[in-house]
Amino acid sequence: MTDLEYMLIAIEEGRKAQGKTGTNPPVGAIVVKDGEIVGRGHTSHLGGPHAEVNALADAGEKAVGATVYCTLEPCAHYGRTGPCCVALTDAGVTRVVIGIGDPYEQVNGKGMDHLRDHGVEVSLGYCEDLIREDLKDFLDRVKREKSNGGK
């Protein structure tokens with residue numbers, strides 16, 4: 001399978017979370033090792049684990065040396081949960097394929113920077129139109145907050 005085909009599967013995984021995540025975006029993630037999907041996850045209810053953490057938990061030890069496909073850039077800040085970018089590097093993944101970057105001020109490139117700084121190969125820009133449509137509510141809210149000075 002190609003990166004595009006795997007990202008389409010991650011998108012389908014994210015759609016399982018639509019309407020169930022509160023203010024968090026309904027992200028999907030899959031873990032692929034040796035051409036096999038070994039983990040799947042999507043964003044939990046508000047305050048619960050994010051897609052990447054759920055996919056890593058599903059993959060277990062198979063995440064070491066794997067590629068993770070996620071629809072939105074992994075978060076890079078502490079809130080109700082820890083940063084997904086740290087969970088990915090701690091799990092030993094070697095590559096992360098990201099659909100779109102996260103415009104949220106506390107992330108906005110920091111997740112990708114963390115991954116690269118820890119030796120993880122990062123690819124960005126897959127199925128952007130589909131993902132932007134799926135994450136429209138989240139992206140619109142972030143845009144409004146930016147234009148209102150973060151409120």
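Let's start with β3 and β4: strand β3, residues 67-72, pairs with strand β4, residues 95-100, in the parallel sense over five bridges. Strands here are DSSP runs of E with at least two residues, helices are runs of H or I with at least four, and both are numbered from the N terminus. Two strands count as paired if DSSP finds at least two bridges between them. Within this pair, L72 has I100 in β4 as its bridge partner.

A quick word on the source: this is a predicted model, where local features need pLDDT of at least 70, side-chain atom pairs count only at pLDDT 80 or more, and totals for chains, interfaces and linings use all residues. Residues are numbered from 1 along each chain as its sequence is written, and side-chain values use heavy atoms, with hydrogens and water left out.

The open sheet has five strands in the order β2-β1-β3-β4-β5, with mixed pairing. β2 (36-42) and β5 (121-124) are the edge strands; each has a single partner strand, so one side of each is left without a neighbour in the sheet. On average, neighbouring strands are turned by 15 degrees against each other, direction ignored. For angles, axes are lines fitted to C-alpha atoms, for helices over the stretch in contact, and values run from 0 to 180 degrees between N-to-C directions.

Two helices pack on this sheet. Helix α2, residues 51-59, touches β1 (28-33), β2 and β3, and its direction makes about 140 degrees with that of β2. Helix α4, residues 110-117, touches β4 and β5, and makes about 150 degrees with the direction of β5. Contact here means heavy atoms within 4.5 Å.

Over at β1 and β2, the strands run antiparallel and are joined by six bridges. I30 stands opposite R40 in β2. Their hairpin has two residues between the strands, and D34 takes a positive phi near 55 degrees.

Y6 sits in helix α1 (residues 3-15) and Y69 in strand β3, 63 residues apart, which links distant parts of the chain. Y6 is buried, at 4% relative accessible area, and Y69 is buried too, at 3%. Buried means under 20%, exposed over 50%, and partly exposed in between, using a 1.4 Å probe and protein chains only.

Next, α6. Which of its residues are buried? F138, L139 and V142 are. They cover an arc of only 95 degrees around the axis, which puts them on the same side of α6; the arc is taken from the directions from the helix axis to the C-beta atoms. On the other side, D137, K143 and S147 are exposed. The cover over the buried residues includes β3, β4 and α5 (128-134).

Last, please look at L115 in helix α4. L115 is buried, with a relative accessible area of 0%. Leaving aside neighbours within four places in sequence, its contacts include P74, C85, V96 and V122.
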